[in-house]
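Hi,

Here is the structure I promised to pass on. My notes follow below it.

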Amino acid sequence: MQIAQKVAIVTGGGGGIGGALAERLAAEGARVVVSDLDDASAQSVADRITATSPGAAIAVGADASDTAQIESLISAAESEFGPVDLYFANAGVAAGSNLESDESVWDLALDVNLRAHIRAARLLVPGWVERGEGYFVSTASAAGLLTQIGSAPYSVTKHAAVGFAEWLSVTYGDQGVRVSCLCPMGVNTKLLTDDAALSATAARAVTSAGTVLEPAEVAECALAAVEAEQFLILPHPEVLEMYRHKGADYDRWIRGMRRYQAALLAQSS
Ligand SMILES: NC(=O)c1ccc[n+]([C@@H]2O[C@H](COP(=O)([O-])OP(=O)(O)OC[C@H]3O[C@@H](n4cnc5c(N)ncnc54)[C@H](O)[C@@H]3O)[C@@H](O)[C@H]2O)c1
């Protein structure tokens with residue numbers, strides 16, 4: 001899908017990958033609704049965009065996992081810019097660790113990393129089918145194709161996000177609905193660098209596995225893939241090789257992941 005002149009919503013747009021996606025969308029001529037749970041961060045990204053592209057962005061504070069708030073977000077986009085062409089379900093949380101993560105942590109991860117996508121798609125897809133066009137971009141993670149050492153909720157919910165994006169594409173692709181699934185490894189954002197987000201082991205598992213990219217590099221790669229209408233977006237191309245190894249011999253891959261985890265734990269003891 002050509003991005004110029006389109007109307008896009010980016011959740012989790014107040015910084016990190018979402019902020020970079022919003023800025024890049026506007027640079028390519030889209031009109032963008034920057035949304036985040038943190039209103040002030042969304043506003044500062046929108047202000048940065050409008051400083052160079054007047055009128056190209058607005059900020060809307062919203063919880064991307066709440067149906068009523070997603071409805072208001074879509075209404076705000078429609079009244080400011082017109083029908084929504086692209087929805088970037090990008091907000092995410094790196095909550096949790098291993099089996100000790102309690103139910104509230106699982107609920108948060110399931111709500112933000114998975115149900116937010118389902119709830120937005122339920123609101124948008126019928127209109128897209130009617131118009132014969134629309135684009136859903138899911139920010140999952142390489143953890144959704146491989147695993148996330150040190151976080152069961154993150155690993156499981158990101159797998160589920162990949163599964164939902166695949167299903168959406170298979171089910172509605174012939175009716176004009178395009179879907180992409182963004183699966184980076186390490187990206188230099190709060191989610192990776194804040195101690196309060198991923199555990200130290202989980203963060204080290206990511207940073208030791210490959211290059212940590214800047215959000216702007218990920219946004220550039222993601223938007224090129226959207227223009228080309230590619231489903232799987234891998235800013236770290238080596239993830240494809242890892243995923244092939246997993247599919248080719250699951251047991252060998254699991255043994256390798258156990259060895260990798262043991263090496264990480266040995267480093268921290
Ligand atoms: N940083 C990485 O290494 C990495 C790797 C793979 C995938 N991801 C994914 O990329 C996405 C963006 O994360 P990031 O790395 O830019 O981190 P980030 O912490 O900088 O950005 C996440 C944003 O989401 C917002 N947010 C959290 N819960 C929300 C909610 N309920 N409603 C609306 N906004 C909410 C936060 O306020 C924050 O601004 C996430 O889905 C994350 O899982 C990140």
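The shell around the ligand divides into 11 nonpolar, 14 polar and 4 charged residues (Ala, Val, Leu, Ile, Met, Phe, Trp, Tyr, Cys and Pro count as nonpolar, Asp, Glu, Lys and Arg as charged, and the others, Gly among them, as polar). Please keep in mind that this is a predicted model: local features need pLDDT of at least 70, side-chain atom pairs count only at pLDDT 80 or more, and totals for chains, interfaces and linings use all residues. Residues are numbered from 1 along each chain as its sequence is written.

In all, 29 residues surround the ligand, and Gly12, Gly16, Gly92, Thr189 and Leu191 are the closest (near means a C-beta atom, placed from the backbone, within 6 Å). Helix H1 (16-27) and helix H6 (190-193) each supply at least two residues of this shell (helices are DSSP runs of H or I, at least four residues, and strands are runs of E, at least two, numbered from the N terminus).

Now for helix H3. Its buried residues include Ile70, Leu73, Ile74 and Ala77 (buried: 20 or more other C-beta atoms within 10 Å of its own; exposed: 12 or fewer; partly exposed in between; C-beta atoms are placed from the backbone). These four cover an arc of only 95 degrees around the axis, which puts them on the same side of H3 (the arc is that of the directions from the helix axis to the C-beta atoms). On the other side of H3, Ala68, Ser75 and Ser79 are exposed. Just after H3, Gly82 has a positive phi of about 115 degrees.

Best wishes
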